[in-house]
Amino acid sequence: LRADAGLRPRMGLGHLEPASPLEPASPLEAHGLSAPDTIRAICRTKVPGWSLVAEDRLCVGRMEGGLSNQLFKVSVRAGDGCDGQASSHVPCALFRIYGNGHATALYDQDLEVLIFKTLGQYQIAPRCYAAGDGWRIEEFFSAQPLRTHQLRNPATIAQVAAQVARVHKVSQRGDFPARIRERPPASATRLWTWGADCARAADRLAASSAEANTRLAQLDVEAILGEREWLREFVVDEDPGALGSGLDVVFSHNDVQENNILESSAGLRFIDFEYSGMDHQAYDIANFFNECTLDYISDRYPYYTHRPSDFPVEWEQRLFCAMYLSEYLEARVRFDDACVTRLMARAQRFALMSHYLWVVWAIVRAPSTPCVDEFDHLHYAQTRWSAYRSMKQRLVSSA
């Protein structure tokens with residue numbers, strides 16, 4: 001996450017707090033790259049214009065919270081005889097250190113770098129200044145993330161819908177890398193890859209303590225993993241074969257939520273594309289609808305709130321889908337058009353997929369919980385699993 005100076009994300013799920021000074025090494029330190037002098041030396045060599053800036057004028061501040069990555073804001077201190085002309089175009093940059101362990105197993109790091117560089121060239125993601133073994137230097141966006149209560153504002157719905165559609169059309173470009181375009185839908189693949197990681201993480205947790213074993217038994221990981229085959233079929237069943245029905249395989253963000261949507265002077269911008277890839281277009285829409293019910297700004301255990309009643313109502317879903325299709329199809333689409341109804345119905349199915357994948361994601365992340373500010377991943381997994389089961393019951397009953 002990139003946020004305005006002085007704010008930092010807590011837990012990688014978007015809790016923002018005042019920035020803290022650089023802290024001693026933690027269990028999440030990776031590759032020995034986190035020493036301020038090391039960061040300064042790399043940035044001075046790689047960031048455009050910074051080779052003319054003295055190293056002692058590069059300020060390094062840690063942005064705490066990444067579970068799989070460590071983030072540092074590196075900026076040029078003003079004045080003191082610094083060559084302002086050399087640094088004026090890049091006043092600050094974000095230095096990312098990739099973490100080790102189970103958190104980074106959730107996505108292909110090499111593919112993520114390719115996606116990030118490609119989107120940076122398209123001016124969709126932050127620009128990538130340089131990347132190396134275990135690190136990357138990125139453009140720093142000075143902007144504020146949306147808050148959950150803003151997501152259902154009609155103006156926000158319209159803007160997010162149009163931006164999602166623009167991202168989805170990226171894979172139609174002639175210069176879009178074939179290595180990305182030719183991959184299968186990420187959500188279908190992750191049912192099995194993340195599911196396997198989930199099973200291994202559950203085994204480790206069960207062996208770690210009696211309390212963890214009891215909580216996993218309450219979750220019933222075996223039942224969760226047993227749901228995959230049904231879910232894979234359900235989300236794509238009854239394909240109408242129509243363009244924009246929700247089953248088009250497009251380049252997708254796959255984590256459209258408030259803390260990954262920044263309000264900038266140029267409008268809304270998406271960040272944090274590590275889970276992005278080719279997917280059915282309904283997944284991003286469904287994930288956004290689900291995220292309207294979750295708020296990660298909380299100072300009390302379990303450090304998030306879930307309000308199922310905040311799921312967008314029908315007219316809000318219609319507004320989103322109409323705005324999305326107007327941009328995606330590049331045609332005038334009205335709220336009551338049949339294509340809107342089709343896309344809504346498909347997004348409701350994929351809302352199950354969204355809940356499910358974040359359940360297994362949370363279980364995979366759970367072994368790291370003691371290191372990351374007490375956010376209770378097993379509690380979060382239970383919340384998303386309960387939401388999945390309630391939604392499944394409604395959808396199957398209505399069908």
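Which residues point one way from strand 5, and which the other way? Good morning, colleagues. C92, L94, R96 and Y98 point one way, A93, F95 and I97 the other way, and all are buried, that is, under 20% relative accessible area with a 1.4 Å probe and protein chains only. Strands here are DSSP runs of E with at least two residues, and helices are runs of H or I with at least four, numbered from the N terminus.

This is a predicted model, in which local features need pLDDT of at least 70, side-chain atom pairs count only at pLDDT 80 or more, and totals for chains, interfaces and linings use all residues. Residues are numbered from 1 along each chain as its sequence is written, and side-chain values use heavy atoms, with hydrogens and water left out.

Strand 5 covers residues 92–98; because 7 of its 7 residues are buried, it is largely enclosed by the rest of the structure.

Let me turn to its neighbours. Strand 4, residues 69–76, pairs with strand 5 in the antiparallel sense over 7 bridges; pairing requires at least two DSSP bridges between two strands. C92 is the bridge partner of S75. Strand 7, residues 135–139, runs antiparallel to strand 5 and is joined to it by 5 bridges, with E138 as the partner of L94.

The open sheet has 5 strands in the order 3-4-5-7-6, with antiparallel pairing. Its edge strands, each pairing on one side only, are strand 3 (58–63) and strand 6 (128–132). Strand 6 is joined to strand 7 by 4 bridges, and A131 stands opposite R136 in strand 7.

Notes:
Buried < 20%, exposed > 50% of the residue type's maximum accessible area, 1.4 Å probe, protein only.
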